[in-house]
Amino acid sequence: PMASSNSALPQDACFPPPLSTLMRPIDLTTDHSAYNPAEVAAVLRRCNNAPRAICPASGGGIKRVAGSLAVTRALGDAYLKTPKLSFFPYQRHAPYIT
């Protein structure tokens, strides 16, 4: 299985306090999740603003693509990509993810 990872570049951490406490890392990666506004916009654009494009699973919990997938881009999960490989209720609005 593949795992997600994030990368950050520390800003000159060799300064002594209090300067080092003011330093903030620079993010080098972006989360592909339903909590990233740019990713949410991309999902909504791809599926023509399907009503449940970004929503929690039926039992509640975190926001997901079509209530199913926690990430907005994936290698598998064809049922969220291609209508031909999809099924109800996802088929009508595919592609949700790329």
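Biologist: Is C55 buried or exposed?

Modeller: A residue is called buried under 20% relative accessible area, exposed over 50%, and partly exposed in between (1.4 Å probe, protein chains only). C55 is buried because its relative accessible area is 6%. C47 likewise counts as buried, at 2% relative accessibility. Please note that this is a predicted model, in which local features need pLDDT of at least 70 and side-chain atom pairs count only at pLDDT 80 or more, while totals for chains, interfaces and linings use all residues. Residues are numbered from 1 along each chain as its sequence is written, and side-chain values use heavy atoms, with hydrogens and water left out.

Biologist: How many disulfides are there?

Modeller: A disulfide is a pair of cysteine sulfur atoms within 2.5 Å. By that rule, the count is zero.

Biologist: Which residues touch the most other members of the largest nonpolar core?

Modeller: In soluble globular proteins, nonpolar side chains tend to be buried together. A nonpolar core is a set of buried Ala, Val, Leu, Ile, Met, Phe, Trp, Tyr and Cys residues joined through side-chain atoms within 4.5 Å. Here the largest such core has 13 residues, and V65, L80, Y96 and I97 touch the most other members. Contact means heavy atoms within 4.5 Å; leaving aside neighbours within four places in sequence, the contacts of I97 include V65, L69, V71 and L80.

Biologist: With which residues is S33 in contact?

Modeller: Beyond its neighbours within four places in sequence, S33 contacts E39, A70 and T72. S33 is buried, with a relative accessible area of 18%.
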